[in-house]
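Visitor: Please take me through a few features of this model, with the cut-offs behind each term.

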Amino acid sequence: MDTRDLKAFLAVYEQRNISSAAKTQFITAQGLSKLIKKLEAELDVELFLRNAHGVEPTAYGDILYQNAKDIMAVLEHVKAGIRDKGDKKAADMKLISTFGALEYLTIDFLMDFKEAYPDINLNFQEYPDKDVDQQLLHDEAEIGFIAGPVDTSRYHSF
């Protein structure tokens, strides 16, 4: 039993008709009928009662239906989680400086940084010295450039 089998079973169960379900599964009615029979043989139960108007699920079919829906929902959740992990968003890093100090960051430096840390977006902002000092003291920015002198007892500087 695989996901294709479960999807086909769900279609037959919901439509109560093998021919109609076959169209939605892009398979022939004969192929879908064989697939249902294969499932029944694998589970050693009868899933549907066949009649002139289509099929009616048995109690075993009802049980498989609920479990198949749950299984397919879990699989979709796993797929979405994998896609989300692949689409993870880059982290933002706030970089502040006194007016004019950012002019000394070269394009080469910025390109090298982006290559080394592709998951980090730098957000540059310039302020007066006093505002930069206050933001750094209150951890409102990750990196700061201050025109010296720097109080090394309060900041790590180089």
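Visitor: Which helix holds Ile 82?
Guide: Helices (H or I, at least four residues) and strands (E, at least two) are DSSP runs, numbered from the N terminus. Ile 82 lies in helix H4, residues 59-86. The model is predicted: local features need pLDDT of at least 70, side-chain atom pairs count only at pLDDT 80 or more, and totals for chains, interfaces and linings use all residues. Residues are numbered from 1 along each chain as its sequence is written, and side-chain values use heavy atoms, with hydrogens and water left out.

Visitor: Is Ile 82 buried or exposed?
Guide: Buried means under 20% relative accessible area, exposed over 50%, and partly exposed in between (1.4 Å probe, protein chains only). Ile 82 counts as exposed because its relative accessibility is 59%.

Visitor: Where does Thr 58 lie?
Guide: Thr 58 is in the loop between strand E2 (54-57) and H4. With a relative accessible area of 12%, Thr 58 is buried. Contact means heavy atoms within 4.5 Å. Beyond its neighbours within four places in sequence, Thr 58 is in contact with Glu 46, Leu 47, Phe 48 and Leu 49.

Visitor: In what order do the three strands of the open sheet stand?
Guide: Strands of a sheet pair through backbone hydrogen bonds, either parallel or antiparallel. Two strands pair if DSSP finds at least two bridges between them. Here the order is E4-E3-E5, with parallel pairing. E4 (120-127) and E5 (143-145) each have a single partner strand, so one side of each is left without a neighbour in the sheet.

Visitor: How many bridges join E3 to E4?
Guide: Eight bridges join E3 (residues 91-98) to E4. Ser 97 has Glu 126 in E4 as its bridge partner.
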